[in-house]
Amino acid sequence: MNKLYILLCWLPTTLFAQTTYLLKPDRVFDGETSHEGWVVRVTGEKIEAVGTAASVSASGAEVIDLKGTTLMPGLIEGHSHLLLHPYNETPWDDQVLKEARSLRVARATVHAEKTLLAGFTTVRDLGTEGADYDDVGIKQAIIKGIIPGPRMVVVTRALIASGSYGPKGFSADIEVPQGAEEADGHDALIQAVRRQIGKGADAIKIYADYRWGLMAEARPTYTVDEIKLIVEVAKSSGRGVVAHASTAEGMRRAIIGGCETVEHGDAGTPEIFALMKQHGTALCPTLAAGDAVSQYRGWKKGQEPEPARIREKRVTFKQALDAGVTICAGGDVGVFSHGDNARELLMMVDYGMKPLDVLRSATSVNADVFHLTNRGRIKAGLLADLVAVDGDPIKTIANLRQVKVVIKGGIFYKR
């Protein structure tokens, strides 16, 4: 086969295409509502116009027929770890301690492309897990066009209280590299927050609880005052704080301390979720991570009864919904395979959320919670980050796996 032909097939189609497109799907989900028969006009990297076919000019545009599809804003992954891969391939401890960072970065570049091609044009990547500030380099490589991938919101190393993270289980005489940065008390916390921001963090992540010390049970780590200090320093730079919290007390401290989102929230209670609603704290439930870990531990999903951990998660997720808590869409991808990000969205429906609300969570809600004002909706003037899927995902949420078109910044990555 002609080598030039092979090269042309590999390169993004936009290198040879017009810069203005008129996209004609069956319907447009604009991030909030679905509209039958709407079209979208894209010029350069932004959306120029959206509306009925009669109201949007096709003049000078390449008309692209997307019959049979729903066009949506590019999906936003709310909890990802591009520098991790599934734990049934390599345990987390071994990834942190035994895999070279060069290997992890190489693998992450593949993860980034798989994520983008799955229709997720933005990810909030919540920690490098022992890979220092390598998420900043990956983000820069994507921005510079060196590798294909989603837009990234990064937190770099994340913050942990001393003695509260991992890897663990080693002799007390050995200092083991940790999966995040240890910092405690007034001065050290201020310095750590400022250091991470200086290195490129878009937000600060803390572990408000964890299985610390020699105990296997998760317990709160940072005090409320320490969390308030972290939030105050981050906020002064225009950045928010994200909290890993799975216990009720860890969640309470994160909420009172001013964190914008709580990740996981496994042991939340109606009282805690009411407190989240009161303070405007969003929940990123990471249903798919717990599901994956349970299967790694031997649960045969679909063949055996759900383990207690899964049954309890169904209960707490419903409590959060009943309390009116803002729900972010984020699966803790990396625990399971990158590119399978839609797994979380399907599970949100299975756990009781309406498909329309799930689509909002993965687009406009995530954009609002993460302060991403230039995306998450199909609206004139916003970035042309768009994805087309087969059929109507509001009727059949599994259609989110049937991605036909991916556009980021007006560039086609799948067509």
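Helices (H or I, at least four residues) and strands (E, at least two) are taken here as DSSP runs, numbered from the N terminus. The structure is a predicted model, in which local features need pLDDT of at least 70 and side-chain atom pairs count only at pLDDT 80 or more, while totals for chains, interfaces and linings use all residues. Residues are numbered from 1 along each chain as its sequence is written, and side-chain values use heavy atoms, with hydrogens and water left out.

Asp 291 belongs to helix 9, which spans residues 287-296. With a relative accessibility of 1%, Asp 291 is buried, a class defined as under 20% relative accessible area, against over 50% for exposed and in between for partly exposed (1.4 Å probe, protein chains only). Its side chain makes a polar contact of 2.9 Å with the side chain of Lys 301. A polar contact is a pair of N or O atoms within 3.5 Å; within protein, one must be able to donate a hydrogen and the other to accept it, and residues adjacent in sequence count only if both atoms are side-chain atoms. Leaving aside residues up to four places away in sequence, Asp 291 touches Trp 299, Lys 301, Ile 310, Arg 343 and Met 347, where contact means heavy atoms within 4.5 Å.

Arg 343 and Met 347 are among the buried residues of helix 11. Helix 11 covers residues 342-350 and is mostly covered, with 7 of its 9 residues buried. These buried residues pack against strand 6 (75-80), strand 7 (120-125), helix 9, helix 10 (308-323) and helix 12 (355-369). After helix 11 comes Gly 352, which has a positive phi near 120°.

**Backbone features**

His 264 lies in strand 15 (residues 261-264) and is buried at 10% relative accessibility. Thr 286 sits in the loop between strand 16 (282-284) and helix 9, and is buried at 4%. A cis peptide bond, with omega near 5°, runs from Gly 166 to Pro 167. Pro 167 is in the loop between strand 9 and strand 10.

**Surface**

The loop between strand 9 (159-160) and strand 10 (181-182) also holds Phe 170, which is partly exposed at a relative accessible area of 43%. Together with Leu 97 and Ile 174, Phe 170 makes a nonpolar surface patch of about 260 Å². Patches are made of residues with over 30% relative accessible area and no salt bridge; like charges are joined within 9 Å and nonpolar side chains (Val, Leu, Ile, Met, Phe, Trp, Tyr) within 5 Å. The areas come from the Shrake-Rupley method with a 1.4 Å probe, and for residues only the protein chains shown count as cover.

Leu 214, in the loop between strand 12 (209-210) and strand 13 (219-220), is exposed at 91% relative accessible area. Its C-alpha atom is separated by 48 Å from that of Leu 383, 169 residues apart along the chain.

**Salt bridges**

A salt bridge is a side-chain nitrogen of Lys or Arg within 4 Å of a carboxyl oxygen of Asp or Glu, and the count by this rule comes to 28. Three of these pairs are listed below.

| Salt bridge | Closest N and O atoms |
|---|---|
| Glu 32 and Arg 377 | 2.9 Å |
| Arg 252 and Glu 249 | 2.9 Å |
| Arg 377 and Asp 368 | 2.9 Å |

Salt bridges that share partners join Arg 101, Asp 132, Asp 134, Arg 157, Glu 181 and Arg 195 into one network. Arg 252 and Glu 249 are 3 residues apart in helix 7 (residues 248-257), and are therefore separated by about one helical turn. Arg 252 is partly exposed at 31% relative accessibility, as is Glu 249 at 29%. Asp 368 is partly exposed at 45%, and Glu 32 is partly exposed at 36%.

**Cysteines**

A disulfide is a pair of cysteine sulfur atoms within 2.5 Å, and a search of the whole structure finds 0 of them. Cys 259 is in no disulfide, the nearest cysteine sulfur being that of Cys 328, 13 Å away. Cys 259 is buried, with a relative accessible area of 3%. For Cys 328, the closest cysteine sulfur is in Cys 284 at 5.6 Å, which is too far for a bond. Cys 328 is likewise buried, at 0% relative accessible area.
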